[in-house]
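Colleague: I would like to go through the labels used for this model and check each one against its cut-off. Please give the value, then the definition, then the conclusion.

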Amino acid sequence: MSVYLIPLLFILIFALTVFKKVKPYEAFTFGVKSAIPFAVSIFPYLVSIFVLTELFEASGLSNALSKLLSPIFNLLGIPSELTKLVLIKPFSGNGALAVLTDIYITLTEWIVIFLDAHQLFMEVAKLFFT
């Protein structure tokens, strides 16, 4: 069903433009023309958020705040691994997504190590106990 959603949406929009007697290509180019100034006006804000998020991480301030606030977050039931995420999320959704990706990568590495250790343990157990 979801495979047909995008083509169905295109057909529906095209049928609506035919019904309303609107030229779809001209309407599309008009929309693009109005979007370009918006993208240019928002660009400095995006750059500043990315730079500030990177500076927050590179300066070590995020690590210091994470260590300082970790006991408080633990009392609230928030694991210490998520303190950076909690600190960055109100300021930058994309920065928080980057931190979350790092958390996933770190956890994935630990899970792989755990699974490898488990596999090794099981092989050793088979070797000695069967």
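Colleague: What makes up the lining of the largest pocket by class?

Modeller: The lining has seven nonpolar, five polar and five charged residues. Ala, Val, Leu, Ile, Met, Phe, Trp, Tyr, Cys and Pro count as nonpolar, Asp, Glu, Lys and Arg as charged, and the others, Gly among them, as polar. This is a predicted model, in which local features need pLDDT of at least 70 and side-chain atom pairs count only at pLDDT 80 or more, while totals for chains, interfaces and linings use all residues. Residues are numbered from 1 along each chain as its sequence is written, and side-chain values use heavy atoms, with hydrogens and water left out.

Colleague: What makes a set of grid points a pocket rather than a cavity?

Modeller: On a 1 Å grid over the protein atoms alone, a cavity is a set of points where a 1.4 Å probe fits but cannot get out, whereas a pocket is an open set with protein on both sides within 12 Å along at least five of seven lines. Lining residues have an atom within 4 Å of a point. The largest pocket has a volume of about 390 Å³, where volume is the space filled by probe spheres set on the points, which are joined across faces, edges and corners. Of its 17 lining residues, Glu-57, Lys-84, Ala-98, Val-99 and Asp-102 are the closest to the centre.

Colleague: Which elements give two or more residues to that lining?

Modeller: They are helix H2 (24-58), helix H4 (83-88) and helix H5 (93-129). H5 provides the largest share, nine residues. Helices (H or I, at least four residues) and strands (E, at least two) are DSSP runs, numbered from the N terminus. By that rule the protein chain has five helices and zero strands.

Colleague: Where do H2 and H3 bend?

Modeller: H2 bends by about 35° at Ile-42, with Pro-44 following within four residues. H3 bends by about 45° at Leu-69, and Pro-71 follows within four residues. The bend is the angle between axes fitted to the seven residues ending at a residue and the seven starting there.

Colleague: Why is Phe-56 called buried?

Modeller: Buried means under 20% relative accessible area, exposed over 50%, and partly exposed in between (1.4 Å probe, protein chains only). Phe-56 has 19%, so Phe-56 is buried. Phe-56 is found in H2 and, not counting residues up to four places away in sequence, touches Leu-61, Ser-62, Leu-65 and Ile-88. A contact means heavy atoms within 4.5 Å.

Colleague: Why is Lys-21 called exposed?

Modeller: The relative accessible area of Lys-21 is 76%, so Lys-21 is exposed. Lys-21 lies in the loop between helix H1 (5-19) and H2, and has a positive phi near 60° although it is a residue other than glycine.

Colleague: Which residues of H3 are buried?

Modeller: Ser-62, Ser-66, Ser-70 and Phe-73 are buried, and what covers the buried residues of H3 includes H2 and H4.
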